[in-house]
Amino acid sequence: MCGIIGCIGRGDETLDTLVHGLEKLEYRGYDSAGIALLDESLSTCKTSGKIADLREKLDGQALTGEVGIGHTRWSTHGPPTDENAHPHADCTDDVAVVHNGIIENYQPIRDELAAAGHQFTSDTDTEVVPHLIESNLSEGLSPEAAFRETIGRLEGSYAIAAIIEDAEGLFVARNDSPLVVGLGEGASTDSDRGEFFIASDVPAFRDFTGDVIYLEDGEFARLDGGLTVTDSQGNRVDKEAHTVEWDAEETGKSGYDHFMLKEIHEQPRALRQCLRGRVEEQTASVDIGDLADLNPAGVQFVACGTSYHAAMYGAQLFRDAGVPAQAYLASEYATSPPPVGNTLVVGISQSGETADTLAALREAKNRGARTFTLTNTVGSTMDRECDHTLYIRSGPEIGVAATKTFAGQLTALNLFSMATVERSSTRRNVVPALRELPGNVQQILDTSAAEDVADYYEDAQSYFFIGRGHQYPVALEGALKLKEISYEHAEGFAAGELKHGPLALVDEDTPVFAMAIGDDEKARKTVGNIKEVEARDAPVVAVTDGQSDAERYADHVLEIPETHPRAAAVLGNVQLQLVAYHIADQLGRSIDKPRNLAKSVTVE
């Protein structure tokens, strides 16, 4: 969740490089932030609040050094205060540490160190790390040995970077939290001198380099002008460098007020990237390479949040094709897994680093299951650990609330199901609709009445979203999106469940967003549900392609082009994304950095 940045070899630009990296990582956490630089001695500046607050505090301070680390925090242990901000130091201010993850055994270590006379100034689990290093240094260990001995004491998840006075360079280690090394000017896997970066995620240093090395769990790295990677036993590990394909410009706002709005408008391009080279309309064929040979007898999807709604959608696609499939919340699956048998277990995660989903996939693998990940991130932990990967190709997504990646997930799930288990007759109907998706999304972006709807309902007490079939997960996602960024109460329901309890909450102050797509039995039943809420004086916003008579009973209409119901789910979702965005914007919310949330959830 938190964001880590570090660099060496940038000379006088070290401080600016670290602040720039933190700004690029602020989607991972924005409760507090800080920086430590190593020159002849360590100097630190940190504060509660956002990176802008850190910039303000840095003004007038003469922090210098050619080695440095920085951190932007999403709070787990202790509130967002100056004292709890990273980096954390030891008693002598000779060691500075930044950390992403949770150290599960920090309390007994803290008690041990406190009994030995160490003074703690924060509520965080992280602070035990610099004090452990200090303790090991006092026993005569070298800086690197003290760092390795410290890491050996820790239990839990961590990506840790440390700088130690009298030791040139950075020491880093990871376990169950992402950490990537960037190879800048003059740097390579075997160079003695050059620019090196470490970070939780590539955007932190993408403006300086696209060449990266992904560290694995249990690996250590020392960056001291060169790069040395070792395993937990101290054996040197040869690492392969990879090149990031997306451009640094893709992580900017490009003139939009918010990343979220930019990424909503990037969906036509993201969908083209997802489909490129994978579908052929004339032959109604789908090409996802060797993945088409999987032919699963059953599928278990595991995911969290928005990705879980995509998992629900994907499970229905496979069930429709006659293949047993279920969607599970990854946090529940990891602790109470169902029987696996000959099932393919599919983890869906934009980042490929979601801790709960990783835990679920690892549990499934331990039980003998084949594992598959649907992700946006090449080189992520899920990508490296799973047996198979399908990329959604959406490009970097900076806004905390997922938008274009959800559209990419739904589209890629269609490709996956059609290539592995569905009949050619289904492909003949769905492939043309997928090919039309980018243009249809653009039409919605150009003509949507979502802003007018948001103007009308921004003062509502609650918001309900209903749908059936492929539209049910979209209803859930519409409610989640509104909750995430507006902080208003919103709930999604299977339309048929309204009369089994939720209808008691419906009144004239509860707008109901109804997904009424097509003219089949599901659409007709949804129109019946619209009549039910209309009879209770609830205002209705129909998301419809005009094939049913939903408009007749709606107060407002959000139109989508007529298409296959599976593709219509993507289109209807775009309308709901725009509604959520405009309501949040009119309420003055922090859209890209919603309270209490972060982009990549790397703690369980």
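Tutor: Let's start with a term: a salt bridge is a side-chain nitrogen of Lys or Arg within 4 Å of a carboxyl oxygen of Asp or Glu. We're looking at a predicted model, where local features need pLDDT of at least 70, side-chain atom pairs count only at pLDDT 80 or more, and totals for chains, interfaces and linings use all residues. Residues are numbered from 1 along each chain as its sequence is written, and side-chain values use heavy atoms, with hydrogens and water left out.

Student: How many salt bridges does a search of the whole structure find?

Tutor: Side chains of opposite charge can pair when their charged atoms come close. Searching the whole structure for such pairs gives a count of 24.

Student: Which residue forms a salt bridge with Asp217?

Tutor: Asp217 sits in the loop between β11 (211-214) and β12, and its partner is in helix α10 (residues 355-366), 145 residues apart. Helices (H or I, at least four residues) and strands (E, at least two) are DSSP runs, numbered from the N terminus. The closest N and O atoms are 3.3 Å apart, and the partner is Arg362.

Student: Is Arg362 buried or exposed, or something in between?

Tutor: Buried means under 20% relative accessible area, exposed means over 50%, and partly exposed is in between (1.4 Å probe, protein chains only). Arg362 has a relative accessible area of 23%, so the label is partly exposed.

Student: Which residues are linked with Asp217 in a network of salt bridges?

Tutor: Asp217 and Arg362 are both in that network.

Student: Where do Lys481 and Glu477 lie?

Tutor: Their side chains meet in a salt bridge of 2.8 Å, N to O. Lys481 is buried, at 1% relative accessible area, and Glu477 is buried too, at 0%. The two are four residues apart, about one turn of the helix, and both lie in helix α15 (residues 471-486).

Student: Is Asp452 buried or exposed?

Tutor: Asp452 has its place in helix α14. Its relative accessible area is 52%, so Asp452 counts as exposed.
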